Amino acid sequence: MYDDGFVQDARRRGEKCVRGLLLAVGVLLAVCVALLVMRQQLAVSLLTLFAGAAILVWWDAVLLPHVMYARYLKDLKASLIKQTDGLYCGCDVGVAVRDGVRFHPLTLQDEEGIERLFYLDERFPLPSIAAGAAVTIEHSGQYVRDIRRQGGEEHGA
């Protein structure tokens with residue numbers, strides 16, 4: 001599921017957001033300098049206030065999700081991967097946010113009959129696996145790295 005192309009694409013999206021922020025800051029800085037030269041102190045103060053608010057909103061709404069997702073991918077790549085076999089119980093279409101990343105909760109009944117909760121990345125499609133099917137989940141902690149029907153057939157992600 002998480003091949004090098006996927007990781008590179010996520011990195012490019014984050015870099016594009018950073019470039020957009022730097023471009024906006026550069027334009028606002030140029031306008032501030034022009035207004036300072038024209039001695040428009042009130043306009044400079046208002047523009048600085050607006051720019052600070054815009055940067056905070058941009059960081060929180062646009063850039064931070066990319067940073068958190070990049071951290072998740074880095075941790076997932078560096079962590080120990082385990083396999084768990086069991087019966088697939090289902091995947092919730094709702095979204096859960098963990099560590100700033102959006103996931104679909106997925107439930108698996110392991111070989112001991114205990115239901116275990118895992119988290120499937122929202123960027124991947126929901127598994128097209130019937131409830132009660134025998135599956136193998138590769139995971140790091142509670143984060144799903146791959147899910148397959150036992151017998152080798154992947155779910156399509």
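Where is the place of Arg39?

**View 1. Arg39 sits in the loop between α1 and α2.** This is a predicted model. Helix α1 covers residues 4-37, and α2 covers residues 41-78. Arg39 falls in the loop between the two. The phi angle of Arg39 is near 60°. That is a positive value in a residue other than glycine. Arg39 counts as exposed, at 73% relative accessibility.

**View 2. Asp99 also has a positive phi.** The angle for Asp99 is near 55°. Asp99, too, is a residue other than glycine. Its place is the loop between β2 and β3. Is Asp99 buried or exposed? Asp99 counts as exposed, with 56% relative accessibility.

**View 3. Leu23, Val27 and Val31 make a nonpolar surface patch.** Together these residues have about 270 Å² of accessible area. Val27 belongs to helix α1. Val27 is partly exposed, and its relative accessible area is 47%.

**View 4. Asp121 is buried without a salt bridge.** This residue lies in strand β4, which spans residues 115-121. Which side chain of opposite charge is nearest to Asp121? That side chain belongs to Arg123, 4.2 Å away. Asp121 does have a polar partner: its side chain meets that of Tyr69 in a polar contact of 2.3 Å.

**View 5. Glu122 and Arg102 form a salt bridge.** Side chains of opposite charge can pair when their charged atoms come close. Here the N to O distance is 3.0 Å. Glu122 lies in the loop between β4 and β5, and Arg102 lies in strand β3, so the pair ties together parts that are 20 residues apart in sequence. Strand β3 runs over residues 101-110, and β5 over 134-140. Are the two partners buried or partly exposed? Glu122 counts as partly exposed at 28% relative accessibility. Arg102 counts as partly exposed at 42%. How many salt bridges does a search of the whole structure find? The search finds 4.

**View 6. Glu138 and Arg148 pair across two strands.** Their salt bridge brings the closest N and O atoms to 3.1 Å. The pair links distant parts of the chain, 10 residues apart. Glu138 is in strand β5, while Arg148 is in strand β6, residues 143-149. The side chains of Glu138 and Arg148 also make a polar contact of 3.1 Å. Glu138 is buried, with a relative accessible area of 19%. Arg148 is buried as well, with a value of 17%. Beyond residues up to four places away in sequence, Glu138 touches several others, including Ile81, Lys82 and Gln83. Tyr143, Val144 and Arg145 are also among the residues that Glu138 touches.

**View 7. Arg148 forms a salt bridge with Asp146.** The closest N and O atoms of this pair are 3.3 Å apart. Both Arg148 and Asp146 are buried. Which residues join into one network? Through salt bridges that share partners, Glu138, Asp146 and Arg148 do.

**View 8. Gly90 lies in strand β1.** This strand takes in residues 82-91. Gly90 touches Pro105, Leu106 and Thr107, when residues up to four places away in sequence are not counted. Gly90 and Tyr119 are 29 residues apart in sequence. Their C-alpha atoms are 12 Å apart in space.

**View 9. Asp92 is found in the loop between β1 and β2.** Strand β2 covers 96-98. Asp92 is partly exposed, with a relative accessible area of 42%. A polar atom of the Asp92 side chain lies 3.0 Å from the backbone nitrogen of Gly94. Leaving out residues up to four places away in sequence, Asp92 touches His104, Pro105 and Leu126. Asp92 and Leu47 are 45 residues apart along the chain. The C-alpha atoms of Asp92 and Leu47 are separated by 45 Å.

Technical notes
Residues numbered from 1 in each chain as written. Predicted model: local features only at pLDDT ≥ 70, side-chain atom pairs only at ≥ 80, totals over all residues. Heavy atoms only, no water. Helix = DSSP H or I, 4+ residues; strand = E, 2+ residues; numbered from the N terminus. Buried < 20%, exposed > 50% of the residue type's maximum accessible area, 1.4 Å probe, protein only. Lys, Arg positive; Asp, Glu negative; His and termini not counted. Polar contact = N/O pair within 3.5 Å; in protein donor to acceptor, adjacent residues only side chain to side chain. Patch = residues over 30% accessible without salt bridge, like charges linked within 9 Å, V, L, I, M, F, W, Y side chains within 5 Å. Areas by Shrake-Rupley, 256 points an atom, 1.4 Å probe, with all protein chains shown as cover. Contact = heavy atoms within 4.5 Å.
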